[in-house]
Number of protein chains: 2
Amino acid sequence: MPRDSADSSFVERLSSGFPADMFARAEQSYLEEPRGRWQGARGFVARPRSTEEVSDLVKACNEAGVGIVPYGGGTGLVGGQIAPEGEPETPLILSLERMTRIRAVYPQENVLIADAGVILANIQAAAAEVDRLFPLSLASEGSARIGGLLGTNAGGVNVLRYGNTRDLCLGLEAVLPDGRVWNGLKRLRKDNTGYDLRNLLIGSEGTLGVITGASLKLFPRPASLGTAVFVIRDAEAALELLSLAKSRLGESISAFELMHRTGLDFLAEKLPDVRRPFGSHHPEWMILMDIGLPRGLDPQEALETLFVDAEAEGIVTDAVIAQSEAQRDEFWAVREQIPEANRRIGAVSSHDVSVPLGELPSFIARVRQAIAQVGDFRINCFGHVGDGNLHFNVFPPEGRSRDEFLDETKAIKRLVHDISAELGGTFSAEHGVGRAKKADLERYGDPVKLAAMRAIKDALDPKGIMNPGAVLP
Amino acid sequence: MPRDSADSSFVERLSSGFPADMFARAEQSYLEEPRGRWQGARGFVARPRSTEEVSDLVKACNEAGVGIVPYGGGTGLVGGQIAPEGEPETPLILSLERMTRIRAVYPQENVLIADAGVILANIQAAAAEVDRLFPLSLASEGSARIGGLLGTNAGGVNVLRYGNTRDLCLGLEAVLPDGRVWNGLKRLRKDNTGYDLRNLLIGSEGTLGVITGASLKLFPRPASLGTAVFVIRDAEAALELLSLAKSRLGESISAFELMHRTGLDFLAEKLPDVRRPFGSHHPEWMILMDIGLPRGLDPQEALETLFVDAEAEGIVTDAVIAQSEAQRDEFWAVREQIPEANRRIGAVSSHDVSVPLGELPSFIARVRQAIAQVGDFRINCFGHVGDGNLHFNVFPPEGRSRDEFLDETKAIKRLVHDISAELGGTFSAEHGVGRAKKADLERYGDPVKLAAMRAIKDALDPKGIMNPGAVLP
């Protein structure tokens with residue numbers, strides 16, 4: 001662990017070697033995470049403009065034994081970007097916000113190279129400018145930065161078709177804990193020359209180094225897009241619809257999201273301006289599905305045919321198929337506003353689990369039953385069901401507040417994660433471990449893997465300066 | 001490095017703890033690699049039947065400081081599976097050939113779990129039995145085993161669409177160098193719970209542990225397949241055709257292979273029974289292309305349309321489109337027999353490079369020019385051009401033998417790899433480093449990455465028993 005703080009005397013000592021505006025006292029915005037769950041330690045933030053400056057900063061911190069918290073867009077949901085108050089040493093926040101250059105775009109190669117501080121929406125836009133797709137897409141895309149997305153291996157709504165963030169990365173540039181720069185910004189689809197350092201850094205949540213640049217995969221844009229909301233028979237029918245859709249549409253399915261009546265109820269209560277797909281009728285279980293097709297196929301026709309077949313098999317009972325771009329946006333607004341409605345209701349406990357696809361129905365049934373025994377909670381179970389990934393969130397009964405139930409949070413979290421583990425699932429599908437889920441990692445993680453992680457961490461960061469206190473139990 | 005040999009006294013000491021047939025003197029087949037480049041050290045082979053037995057063997061070797069060479073199907077092309085004669089200590093060959101069980105298939109989840117010793121063709125067949133595709137496909141699929149394919153992150157002909165072997169793996173079971181079993185056989189598409197040990201082991205060529213089982217991704221089978229051979233204007237036109245095809249067919253292109261006149265010449269000379277696509281006419285540059293389409297699209301029509309457009313743009317001059325499954329097989333036989341024809345001619349030097357796609361034409365032109373200055377060689381440049389991966393192989397002039405030119409091999413290899421490196425490419429796209437390319441890794445590898453690799457190796461395998469002498473300089 002770090003032996004010193006990034007206090008004013010440390011910053012003063014360093015500042016002569018850097019541009020005058022490198023260091024600042026960390027404002028409140030750096031010390032909060034999106035759900036407001038805890039307060040970060042008030043220290044300093046460094047805002048380098050180049051990889052070289054990052055390297056110099058890391059070297060100086062390494063020498064002094066000062067911790068570093070790499071900071072991207074600040075959108076992480078497990079506190080990986082926040083060093084909490086009360087730790088013995090205050091780390092330096094290293095924000096990549098000034099490294100926002102798209103370094104190069106190679107449309108013919110379907111490659112884009114970006115600084116780590118580029119905001120996801122800007123990468124999407126740069127890809128679109130050359131008629132390509134960068135498929136990573138999630139609610140925080142307007143503020144999340146690619147370095148943080150890689151550091152946490154973010155998921156989102158297009159994983160089913162295009163994979164997680166790690167699958168979209170061809171190469172990295174990173175500053176390792178000793179301050180040396182690894183230049184791995186390859187534009188190659190195949191490169192079998194030694195250990196996969198790229199994937200080791202991706203998802204390590206800043207504990208093994210600071211990502212400063214990335215070489216990213218672009219994709220051809222599908223010729224046409226289609227979106228539908230299907231009302232399914234029950235939770236189990238989600239998998240039946242997915243199987244049927246896959247057999248019909250192969251890999252053309254970009255998104256396959258589960259929504260539950262509770263989500264629509266919450267929208268009606270808290271965000272009534274969001275137009276709901278079946279008006280005031282809120283079906284129990286729905287699937288929001290996106291497809292992207294090659295030339296020669298019509299997405300509306302494909303979705304209609306799928307509906308007819310799925311209805312004949314008793315899988316779906318109703319559907320709305322978007323007839324326009326505007327309607328597609330409307331359907332997606334429902335899905336995207338559910339987390340905000342959740343936030344306004346206030347969850348007693350929220351979860352980011354994934355289980356093997358075949359275990360999803362049994363997971364949902366078992367958890368519902370177990371929670372019913374704890375109390376009369378409302379459950380909003382939604383998310384990336386095509387990936388086996390559910391955001392299974394538990395809310396107080398109507399008219400009551402989450403604050404009345406905070407004593408139950410721990411028990412609920414435990415039972416949800418226990419059942420997920422029993423079914424071969426995980427306690428963190430796409431959010432990572434950060435600081436919030438370290439105890440879970442210790443409880444549910446494979447001990448041999450944990451020992452290997454610890455050995456790797458000690459080997460690459462013997463002073464423990466990189467994101468101290470995060471991930472590793 | 002190991003401090004002791006797996007000699008008869010070591011094996012005798014161990015044998016009481018294992019089934020009687022666990023150990024045997026290694027026959028010649030374990031001591032050769034496919035191109036017959038060197039001879040392995042004659043020692044013992046262990047053939048465990050279970051992960052537990054692998055664990056016991058590794059523990060025993062670790063205690064005794066005896067090296068282990070993990071052995072799959074023996075098809076590796078860089079000597080990773082062969083500990084050469086002349087090393088101070090003879091390692092134990094640990095063959096996975098008795099671990100050939102497909103443990104489970106989950107068609108609904110598109111997941112298959114297999115022992116590490118299952119032959120690739122058997123995995124393909126098990127997937128086909130449930131109407132799914134396991135897309136990894138390469139010339140040695142009848143003998144390569146999945147553990148070795150993962151250990152080397154094998155490539156093959158379908159990488160363009162489905163990725164390298166690492167992209168097809170959801171989870172691993174592996175015995176780490178201390179003999180402990182990591183159970184990471186997840187069936188999850190999303191699991192962000194700590195460092196990516198899976199990808200660290202994949203491609204580490206047995207130097208960090210022994211893979212004993214894998215959880216693999218299956219895919220829906222495309223509704224219809226199409227194959228064509230296009231005659232392209234010149235090497236540069238390969239990229240133009242790829243761009244055009246991608247814009248028309250999106251991700252439906254499964255394979256995009258370059259073939260050169262020399263390959264057809266060699267076939268005519270050495271394997272005249274292989275039917276060549278344009279008979280005795282051998283065009284200079286050709287692309288063999290495979291597409292797999294969803295329902296509602298006709299592959300022959302799609303390929304014809306592509307041809308018409310590409311001809312209009314001056315990209316292609318001729319084409320044959322397969323009219324039947326038999327003709328598809330015929331076209332593929334040409335591609336698949338080229339390496340055998342190469343072998344019979346006898347290469348002075350062969351290469352497995354990849355460069356950024358946009359640099360391919362300049363790579364081909366520069367290397368041809370540079371080699372012409374060394375001597376009057378024949379060049380067969382072919383391979384997975386859609387991935388930027390070329391097998392750029394250099395042969396003696398007609399009527400002469402490779403043995404006359406072995407003095408030039410080193411210089412040719414150097415110039416090919418130098419030019420590849422200058423263009424941002426690699427000296428090993430899909431074959432790995434093994435023992436044959438260690439000096440290349442030292443010459444071309446990023447020093448910061450190499451230092452990190454060494455630190456990781458020392459941390460996980462402090463005694464250096466896992467595949468000693470492979471990969472790490």
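Strands here are DSSP runs of E of at least two residues, and helices are runs of H or I of at least four, numbered from the N terminus. The model is predicted: local features require pLDDT of at least 70 and side-chain atom pairs pLDDT 80 or more, while totals for chains, interfaces and linings use all residues. Residues are numbered from 1 along each chain as its sequence is written, chains are lettered from A and ligands numbered from 1 in the order in which they are written, and side-chain values use heavy atoms, without hydrogens and water.

Both faces of β14(A) are covered. On one side the buried residues are A:Trp285, A:Ile287, A:Met289, A:Ile291 and A:Leu293; on the other they are A:Met286, A:Leu288, A:Asp290 and A:Gly292.

## Neighbours of β14 in chain A

Strands count as paired if DSSP finds at least two bridges between them. Strand β12 (residues 224-232) of chain A runs antiparallel to β14(A) and is joined to it by eight bridges; within this pair, A:Ser224 stands opposite A:Leu293. Strand β13 (residues 253-260) of chain A is also antiparallel to β14(A), with seven bridges, and A:Leu258 stands opposite A:Ile287.

## A three-stranded sheet in chain B

In chain B, three strands form an open antiparallel sheet in the order β16-β18-β17. Its edge strands, β16 (353-354) and β17 (378-382), each pair on one side only. Five bridges link β17(B) to strand β18 (residues 389-395) of chain B in the antiparallel sense, and B:Arg378 stands opposite B:Phe395.

## A helix crossing in chain B

Helix α8 (residues 261-270) and helix α10 (residues 325-345) of chain B have axes, fitted to C-alpha atoms over the stretch in contact, that come within 9 Å and cross at roughly 70 degrees, on a scale from 0 to 180 degrees between N-to-C directions. The two helices are therefore roughly perpendicular (65 to 115 degrees) to each other.

The contact (heavy atoms within 4.5 Å) involves residues of both helices, including B:Leu264, B:Phe266 and B:Leu267 of α8(B) and B:Val334, B:Ile338 and B:Ala341 of α10(B). The residues of this contact divide into seven nonpolar (Ala, Val, Leu, Ile, Met, Phe, Trp, Tyr, Cys and Pro), three charged (Asp, Glu, Lys and Arg) and three polar (the others, Gly among them).

Methods: Buried < 20%, exposed > 50% of the residue type's maximum accessible area, 1.4 Å probe, protein only. Parallel < 35°, antiparallel > 145°, perpendicular 65-115°, else oblique.
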